[in-house]
Amino acid sequence: MAVFLLLLVVFSLTFAIYPIQTTPASHAEVHIVYLGHNNGLSPSLTTHSHLQLLSRVFTKPDEAREAILYSYSCGFSGFAALLNSTQAATLSGTEGVVSVFRSRMLEIHTTRSWDFMGLRLHMQMEQSSERHLKFGDDVIVGVLDTGVWPESESFRDAPHYGPIPSSWKGTCVKGEEFDQATACNHKLIGARYYLTGFEHELGPLNTSDGSEYRSPRDRVGHGTHTASTAVGSVAPNASYFGLGRGTARGGAPRARLAVYKVCWYKDLTGRCSDADILAAFDDALCDGVHVVSASLGSPPPLMPLLSTSTEIGAFHAMQRGVVAVFSAGNDGPDASMVQNVSPWGLTVAASTIDRRFPTVITLGNNASIVGESFLVKAMNNDLVDSGSVFADGTCTFDQLINSTAASGKIVLCFATVGTVSSDGAALAVYAGKGAGVIFADTISRKSSQDSFWPTVHVDLYQGTQILYYILDSSNPTVHISPSKTVVGETPAPAVAYFSSRGPSSISPKILKPDVTAPGVNILAAWPPKSSPTVIPLDKRSTEWNFDSGTSMSCPHVSGIAAVIKSVHPTWSPAAVKSALMTTAYMYDDTSDMMQAGGTLKAADAFDVGAGHVDPLRALDPGLVYDAGARDHVLFLCSLGYTEAAIRNMVLPCPALDTSCPAAGGGGASAPAHADLNYPAIVLPDLGGTVTVKRTVTNVGANRDAVYRVSVASPQGARAEVWPRELAFSSRHGGGGEQASYYVTVTPAKLSRGRFDFGEVVWSDGFHRVRTPLVVRVTNLLDDGVQVQTANATGDVHGADGSQAAAAA
């Protein structure tokens, strides 16, 4: 029985969410019925209309009331209800219904990271009206996650907080171990929780064993960690059992926090229901948040855009001027596994910082090897290789044959892709009564990830050296020194091996991820009632914990977005995204290209998007690519949505044209995907010459600015830009002047398809506005015949009437 429980732990260590087996078609399941915006109706009228619509597929009105779980009636219009497949199909064909989809279960995807990115502590501590010293004042960040531990120092009601912003319409909901009178304050201004969808999918939540709270209180630590990373107050002397000691704070330490608990801990896994997430988005948009941070998602392949809770929520957030930030997922380094790929969301990959925790391993022959760990105390033990303990040498439970051989000893284990992880090895060695683990993995995967059982990480070469010593010694022993904290001696950033990569499997013409940010060994707040590893066998308690994942990189960008919104409150979500993308960089701190962890190559746009975020440069990007409602109307047209459906989705505006271009249209301009005014250009099927248009807005302090272009063509293609110069003038008033340019890309090789990378950079001598250019030439058929593709530039004209292609 004990082995079974340990195996259960192994399979759920990373909070991975596996597909829930569906019930037969005749059985009711939770579905989302999405209707678009709410037409300005009151929530009560909107809910009434939902019940009327739902009544069409039930014989009695009471059945409809019993079936409905949520009525989304404020931020947008729709509902979650228990429907069988026939009812769902009937509603999907009803006029006014944009989409109907099955509610799925999603997965829940610091002291040094902010210094590493240039946001120094003295900047955040000082009171100043300077642009770069304004750290989120009165900006409200909504975090959708596992809740919050309100007593953490990261959420204390610091003296510099003034009254709660008058724009805030939310609330602090009472629940188990969560008294709104004491939990919420001028920092943590709101807290809600959502369980209806979760419990209809997985049954009632059991809180009797203390593994969860039926309230906004966080039990597993994930939400507390992400919230403190984004907006945590300045907290001195934070550390993880003495490691990583420093002053912890969020990127926007003076921002306000609103928590929406949508993810829950059950059967040793963290799970989040689409229905609950959409309810949280609905509330957050009406509560008055300025930024939404959601470190969660569903692994691809997914349904078309606007068929998930995150995409719908982000779409309506965009229309209300709210920035929505998501994690890219932890399914790297395989290609096309990136999650949260809608163009109106901001998707964040994970990368390293320049801090490590070297741990010296001294073998009995006095040879020293430096590994990585979070070891607090020294260890002196006998040493044994896994082949003496496990049948086939792999450190797994089913191969454990000789627990006596491991008893009291350090066991050397080697990683096996898809079979042996460091956590799994630690549990297997624990079952064999071993004292600890030396875990050997590839250089790109080596890390200082903590485990409930003492574990030191080394690379394969180091592991092989240790193995040779064991085999050559009659009595192998090892001394492992306590870990140390070292800063600035490791090239960084580098892409985390686990970070999900592009291209998008759903919309490959939109670059995803958008940017990368710190996501490895991030120190942030933690509930002291949760062990650092959240494994029942781990009995330790800490108020600060290291964690890794795109879940950690997402709130870094959320905090930066809050800083940008505090400095530029009128900027649209597209402008904020553009500022982050066009100022991002592709190099590490040694001036070499960032490395893509888990591979043997330099990072490219599918690993990091536009690059690593640079918070200070993002506050003054010079030019931004903005995208208004009409831009997204055309994008929705390109996805196949009807004009009627688009009118339902886009907030009504008398001046807004919601029509779609006529098919065929004469001429051959670039596809609508490519012409969306995105801060990146991706052409995944370049069979012939294509011209795309981009429009930039001058947001720099210098209204009389001249920007000149430089172009790096992708290998195998020729990129030309017209015009070569963009001039902005103060004669046009208070800034915000726009200018358009065209990029013409022509294949320069015959190819069946490989992605190549270039860039378009505009500079006025001070600002550097960089746009990734990603091209895949596909002009050669499998039989070697060249594809005959019409020139795709015929009717694209510049502002002065000249043909852009000809000028280029």
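Analyst: Let us begin with what a ring pair is: rings of Phe, Tyr and Trp (its six-membered ring) pair if their centres lie within 6.5 Å. Please keep in mind that this is a predicted model.

With that rule in hand, look for Y240, F241, F357, F374 and F546, which ring pairs link into a cluster. What does Y240 touch, leaving aside residues up to four places away in sequence? The list is F374, D450, L523, P532, R540, T542, W544, N545 and F546. Two of those names, F374 and F546, also belong to the cluster. Along the chain, Y240 and F546 are 306 residues apart, yet in space their C-alpha atoms are 7.1 Å apart.

The rule gives 21 aromatic pairs. One of them joins Y70 and Y72: the ring centres are 6.0 Å apart and the planes meet at 20°, so this pair is stacked. The cut-off behind that word is an angle under 30 degrees. In general, a pair of aromatic rings is described by the distance of the centres and the angle of the planes. Y70 counts as buried because its relative accessibility is 13%, and Y72 counts as buried too, at 1%.

R217 lies over the face of W149, 4.5 Å from the ring centre. In another place, the charged end of R776 sits over the ring of F755, at 5.8 Å from the centre of that ring.

Helix 9 (residues 222–231) and helix 15 (residues 550–567) have axes that come within 7 Å and cross at roughly 35°, and the crossing is right-handed. On the helix 9 side, the contact is made by H222, H225, T226, T229 and A230; these meet S551, M552, P555, H556, S558 and G559 in helix 15. The residues of this contact comprise three nonpolar, eight polar and no charged.

Helix 13, residues 422–431, has eight of its 10 residues buried, so it is largely enclosed by the rest of the structure. Its buried residues are S422, D423, G424, A425, A426, L427, A428 and V429. After helix 13 comes K433, with a positive phi near 65°.

How values were computed: Residues are numbered from 1 along each chain as its sequence is written. This is a predicted model: local features need pLDDT of at least 70, side-chain atom pairs count only at pLDDT 80 or more; totals for chains, interfaces and linings use all residues. Side-chain values use heavy atoms; hydrogens and water are left out. Rings of Phe, Tyr and Trp (its six-membered ring) pair if their centres lie within 6.5 Å; planes under 30 degrees apart count as stacked, over 60 as edge-to-face and the rest as tilted. Buried means under 20% relative accessible area, exposed over 50%, partly exposed in between (1.4 Å probe, protein chains only). A charge sits over a ring if NZ of Lys or CZ of Arg is within 6 Å of the ring centre and within 35 degrees of the ring normal. Axes are lines fitted to C-alpha atoms, for helices over the stretch in contact, and angles run from 0 to 180 degrees between N-to-C directions. Helices (H or I, at least four residues) and strands (E, at least two) are DSSP runs, numbered from the N terminus. A crossing is left-handed if the near helix is turned anticlockwise from the far one by less than a right angle, and right-handed if clockwise. Contact means heavy atoms within 4.5 Å. Ala, Val, Leu, Ile, Met, Phe, Trp, Tyr, Cys and Pro count as nonpolar, Asp, Glu, Lys and Arg as charged, and the others, Gly among them, as polar.
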